[in-house]
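Look at the structure below, then read the points that follow.

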Amino acid sequence: MKAIDVKELTKRFGSFTAVDRITFDVDQGEIFGFLGANGAGKTTAMRMLCGLLNPTSGQGKVAGFDIYRDTEKIKRNIGYMSQKFSLYEDLTTAENLELFGGIYGMSRKEINEKSGKVIAELGLQTEKDMLAASLPLGIKQKVSFAVSTFHTPRIVFLDEPTGGVDPIARRTFWEMIYRAADRGITAFVTTHYMDEAEYCNRVSIMVDGRIEALGSPAQLKSKYKAASIGDVFQSLARQAKRVES
Amino acid sequence: MKALGFLLKKEFLQIIRNKFMLRLIIAMPVLQLIILPWAATFEQRNISLSVVDNDKSTVSGRLIEKAASSGYFRLTDYADTYTHALRSIEQNEADLILEIPGNFEKNLIINQPVKLMMSINAVNGQKAGLGLSYITQIVTDYNSEITSQGVQSPISIEPYYRFNTKMRYQDYMVPGIMVILVTLIGGMLSAINIVREKEIGTMEQINVTPIPKYVFLLGKLIPFWIIGLCLLTAAMFIAWLIYGLSPAGHYINIYIFSFLYLLAFSGFGLMISNFARSQQQAMFMIFFFLIIFILLSGMFTPVSNMPHWAQVVTWFNPLRYFVEVIRSIYLKGSGLMDILPQILKITVFVVVFNTLAVISYRKTNG
């Protein structure tokens, strides 16, 4: 079974078509890069897949559940890390983990065991009892990632997870994504850092609400006779008519 | 439902760590109960009185003295002519002019009717009306004093204004202020708390989890129900401590009704939070409704004095029932059976407000 399977998915806001008949699928355990310029419709598409937004038309299944009827079942099987830090700033790292673990139905015992493990694995021992508000951006993103994968979802949606952090922090972040993928978690990542696309198994490139290219980084480079995914993106993005809003 | 425990822990941790919220919760009942009953009193003291005495006799002097020593008036001006006195009203120095005609004493002694003239600055209608009633009563008293001193009079005059001479307004206002307090906690704080989560984005993180919406909403409301009842307890303690006021009825009835009221009003707050996108928006919506609710609650002006259509509007005002109930328990000692009609009505509000709140709360947007 595919982790994500989408056909002709569309979202219109009034006369504006934010997402225009996109079709793609993601395999279980895959790291899927969802690329596109700002305003191309990546976040809108992702919000539909997470059950935060109702689609206008098209079909979609996430973790085997329908994105119209079974949004609550989908939510049980996914993790979500938003572009903006959206954990509780007035709770500590450990308290955030505990809260979301509890919301996803983990028992206290399970939470305690796993929380120690995750904190050690991500090197967050010193930050464990600090309020989230006092953490630097790079650490906040680590904590967000830890929370979004804490309940071992089948799929984790990461919306611009590395926005605004330095290359070293980005590198360690991708190592975390790989470790999650090793545990069998499918990662659906949006980014506009083209070098990060090379870390993905497959990528799609979105322009003006449509998916213009889809394949492994190597396939795309040979198809567009480009040296890097960045060059592929450049040649596609030049066709864009939509002005960044 | 297991998640509820985690949510409650989180909510209390946040309230304790939010210094502003904590201070607000502590300061609100104390300040409201210490300051408001005195400010929201209808009793008028220190009404500025200007006297024009055209008689300058012993009798007129005694009348003036009686008015000045009543405690209600401050003799600000002792004018020669009425025109002079009127000027002090125009300059807002006097609220009331008492003009005593010439031959006042003489006419009284020969049993001729005498007329006193009073002019009132009615800019503050309440003050004017009460000032008039006070001075009328003083004159009436004085009248009966002198008639009993030998001046023959076939009828003994009863004071016809018995309005608000020694009545303690605090006894009346303090229970009303408890209503405002519980309303603010149940409706306003909970609504603002939820909208705050929308604003900072944590709401989205919650909406992407499988948590049922009623569990999340319960996690939000239970802390405010608890805080509301704790503050009510604090308010009743302060009322006893400062005003020596304790309910003539049972405390338990106050708690029963207050809890139902909190359920109803927090549902209302939830509805507001579902429609507001920012804390400011929520605040303005709450102010809009709160002012209407308070003015139509009978807290300051009796519902029976309102025109019929306004009385009809008050049927849809939960505050009205709470004000009625808490006053009747505090002052009349009403029992559970006496407040049963209001209990049933507030239960309707609980059902309607909360149903609408759960329907209008959406985890998925269109």
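Two residues are in contact if their C-beta atoms, placed from the backbone, lie within 7 Å. This is a predicted model. Chain A has nine helices and 10 strands, and 24 of its residues are in contact with 20 residues of chain B.

**Helices α7 and α10 of chain B**
- Helix α7(B) covers residues 169-200 and helix α10(B) covers residues 251-275.
- Their axes come within 8 Å and cross at roughly 30°, and the crossing is right-handed.
- On the α7(B) side, the residues in contact include B:Val182, B:Gly186, B:Gly187, B:Ala191 and B:Ile194.
- On the α10(B) side, they include B:Tyr261, B:Leu262, B:Phe265, B:Gly269 and B:Ile272.
- By class, this contact has 11 nonpolar residues, eight polar residues and no charged residues.

**Where chain A touches chain B**
- On chain A, 24 residues take part, and they meet 20 residues of chain B.
- The elements of chain A that give two or more residues to this side are α2 (71-77) and α3 (93-103).
- The largest share, five residues, comes from α3(A).
- The chain A side divides into 10 nonpolar, seven polar and seven charged residues.

**Chain A as a whole**
- The C-alpha trace of chain A spans about 50 × 40 × 35 Å along its principal axes.
- Chain A has a radius of gyration of 18 Å, which agrees with the value near 18 Å for a compact globule of 245 residues.
- Of the 245 residues of chain A, 46% count as buried.
- Among contacts in chain A between residues at least 6 apart in sequence, 69% join residues at least 24 apart.

Notes. Residues numbered from 1 in each chain as written. Chains lettered and ligands numbered in written order. Predicted model: local features only at pLDDT ≥ 70, side-chain atom pairs only at ≥ 80, totals over all residues. Axes fitted to C-alpha atoms, helices over the stretch in contact; angles between N-to-C directions. Helix = DSSP H or I, 4+ residues; strand = E, 2+ residues; numbered from the N terminus. Left-handed = near helix turned anticlockwise from the far one by under 90°. Nonpolar A, V, L, I, M, F, W, Y, C, P; charged D, E, K, R; others polar. Rg over C-alpha atoms; globule rule 2.2 N^0.38 Å. Buried ≥ 20, exposed ≤ 12 C-beta atoms within 10 Å, placed from the backbone.
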